[in-house]
Amino acid sequence: MPRPGRSGAYEDPAAALAAAADLLAVLHARGQDGVEPAVSPSQLRALLAVEGAEGGNLRTLGDVLGSRPPSVTRLCDRLEAMGLLTRSPHPSRRREVEVRLTPQGRALLDERRAIRVRELSAVLGRMAPEAVQALVAGLEAFREASAGSYPTDGPVDGPPPPGDAGPSDAPAPAPVPDSA
């Protein structure tokens with residue numbers, strides 16, 4: 001519901017964010033089309049978590065994913081069979097298993113990011129530069145406000161948004177793992 005005097009603005013900022021999240025989900029899904037091997041959202045989330053904590057153990061991966069050990073083991077079995085990650089004994093703690101991306105797993109994440117950035121850039125290119133700057137500022141504030149509320153062991157998914165001036169004096173907000 002638009003506010004009087006505000007063109008297209010939602011009465012409830014959470015509703016506006018939810019509507020934007022729905023659109024982002026559609027654009028995000030386009031980053032999955034045509035990428036081989038096809039991976040499920042939970043498999044993608046696991047790959048992103050492994051990327052963010054390269055050499056971590058299965059327990060850490062389970063904590064990041066919010067999954068129980070048997071589920072994490074089965075997930076890793078599938079990803080290893082697809083050639084996307086490897087598990088190996090920890091060099092100094094023989095009861096632990098390290099999890100690492102393979103070159104194929106890293107390439108899959110890079111390809112998905114490139115497609116996603118292309119899709120997002122097309123939309124951002126249709127926006128006024130000041131609107132892009134306002135969006136980036138709002139997203140940075142949102143990330144800062146959400147820091148500590150969600151697991152933060154994953155990488156930032158993709159390069160900085162267009163129009164981002166790069167590093168600033170302010171501390172970078174903690175990244176939230178991608179879910180799909």
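The paragraphs that follow treat a helix, then a cavity, then a pocket.

The structure is a predicted model. Helix α6 covers residues 129–146 and contains 18 residues. From the first C-alpha to the last, α6 reaches 26 Å, which is close to the 26 Å expected at 1.5 Å a residue. Which residues of α6 are buried? They are Val132, Val136 and Ser146, where buried denotes a relative accessible area under 20%. Viewed down the axis of α6, the buried residues fall within an arc of 100°, and they therefore line one face of the helix. These buried residues pack against α5, which comprises residues 103–124.

The face of α6 that is turned away from the buried side presents a contrasting set. Glu130, Gln133, Ala134 and Ala145 are the exposed residues carried there; exposed denotes a relative accessible area over 50%. Beyond the helix, α6 is followed by Gly148. The phi of Gly148 is positive, near 90°.

The structure holds one cavity of 30 Å³ or more, and about 70 Å³ of space lies in the largest cavity. The largest share comes from α3, with three residues. The residues that line this cavity are Ala49, Val50, Ala53, Gly56, Asn57, Thr60, Leu61, Val64 and Val99. What is the division of this lining into nonpolar, polar and charged residues? Six are nonpolar and three are polar, while no charged residue takes part.

The second largest pocket remains to be described. About 270 Å³ of space lies in the second largest pocket. It is lined by 13 residues, of which Asn57, Leu58, Arg59, Pro69 and Arg95 are the closest to its centre. At least two lining residues are supplied by each of α3 (58–65) and α4 (69–81). Which element gives the most to the lining of this pocket? That element is α3, with four residues. By class, the lining of the second largest pocket consists of four nonpolar, four polar and five charged residues.

The two spaces may finally be set side by side. Asn57 belongs to the lining of the largest cavity, and Asn57 is also among the residues closest to the centre of the second largest pocket. Helix α3 supplies the largest share of the cavity lining and gives the most to the pocket lining.

Note on methods: Residues are numbered from 1 along each chain as its sequence is written. This is a predicted model: local features need pLDDT of at least 70, side-chain atom pairs count only at pLDDT 80 or more; totals for chains, interfaces and linings use all residues. Side-chain values use heavy atoms; hydrogens and water are left out. The expected span of a helix is 1.5 Å times one less than its number of residues. Buried means under 20% relative accessible area, exposed over 50%, partly exposed in between (1.4 Å probe, protein chains only). The arc is that of the directions from the helix axis to the C-beta atoms. Contact means heavy atoms within 4.5 Å. On a 1 Å grid over the protein atoms alone, a cavity is a set of points where a 1.4 Å probe fits but cannot get out, and a pocket is an open set with protein on both sides within 12 Å along at least five of seven lines; lining residues have an atom within 4 Å of a point. Grid points are joined across faces, edges and corners, and a volume is the space filled by probe spheres set on the points. Ala, Val, Leu, Ile, Met, Phe, Trp, Tyr, Cys and Pro count as nonpolar, Asp, Glu, Lys and Arg as charged, and the others, Gly among them, as polar.
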